[in-house]
Amino acid sequence: MSAEIVKKIAVNLVKDVKTGQTVPLGSVWESQACVLLFLRRFGCQVCRWTASELSKLKPQLDAAGVTLAGVGPEDVGVEEFVQGKFFAGDLYVDETKQCYKDLGYRRYNALNVIPAAASKKSREVISKAKSEGIPGNFKGDLLQAGGTLIVSAGGEKVLLNFVQDSPGDHVELQEVLKLLGLEGKVQASAQPKCDDTMCTM
């Protein structure tokens, strides 16, 4: 993805969950690099686990002057998400889903959403989320997919444009550090092992 699309989404307005103010998305990377997680839903168990995992990088990102931010496609479930402390970064809502559209994030339909949610990758993450006591629900838009965007300061370079193919897809933490040129290790949660029918730890 070129920097042109970053310029396009930079002007899209999102709502700051903490303040309720509407701001251009580009404000999150205006002065420093940014790791930006686009969530499928705030009630999504997989999204909550992914957000929790990415939050493990917050100390290293802060030390390097990198912003950690998350965007959800609607208000539904945001209060519960915040109360559950699933994410350590700044949080926004794209009420028009314009960023999701501009980034080309997939929308499922009634025929493919269930197979996608039941995929091996999704079952692995759901199993891990359950083992860590991370709950989920089916409130809100079940059809929206998300991704992860890493942008350099000022939006000059796109370091990563990760687009979910299945709901269980996510970026490995060590890969995030590598793309940002940061040293150090982070203890990611071990993925459970799955067979074709069920997940176990």
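**Entry 1: contacts.** I began with contacts between residues at least 6 apart in sequence, and I found that 71% of them in the protein join residues at least 24 apart. I keep in mind that this is a predicted model.

**Entry 2: the whole protein.** I looked up the elements next, and the protein has 8 helices and 9 strands. Of its 201 residues, 51% are buried. I also checked the accessible surface, which comes to about 9800 Å², with 54% belonging to carbon and sulfur atoms.

**Entry 3: helix H2.** How many residues of helix H2 are buried? I went through residues 45-54 and got 9 of 10, so I noted H2 as mostly covered, with buried meaning under 20% relative accessible area. The buried residues of H2 include Val46, Cys47, Trp49, Ala51 and Leu54. Gln45, Arg48, Thr50 and Glu53 are on that list of buried residues too.

**Entry 4: Lys8.** I turned to Lys8 and found its place in helix H1, which covers residues 3-10. Is Lys8 buried, partly exposed or exposed? Its relative accessibility is 46%, so Lys8 counts as partly exposed. I then looked from Lys8 to Cys99, 91 residues apart along the chain, and their C-alpha atoms are separated by 8.9 Å.

**Entry 5: confidence.** A reminder to myself: where pLDDT is low, the predicted coordinates should not be read in detail.

Methods:
Residues are numbered from 1 along each chain as its sequence is written. This is a predicted model: local features need pLDDT of at least 70, side-chain atom pairs count only at pLDDT 80 or more; totals for chains, interfaces and linings use all residues. Side-chain values use heavy atoms; hydrogens and water are left out. Helices (H or I, at least four residues) and strands (E, at least two) are DSSP runs, numbered from the N terminus. Buried means under 20% relative accessible area, exposed over 50%, partly exposed in between (1.4 Å probe, protein chains only). Contact means heavy atoms within 4.5 Å. Accessible areas come from the Shrake-Rupley method with a 1.4 Å probe; for residues, only the protein chains shown count as cover.
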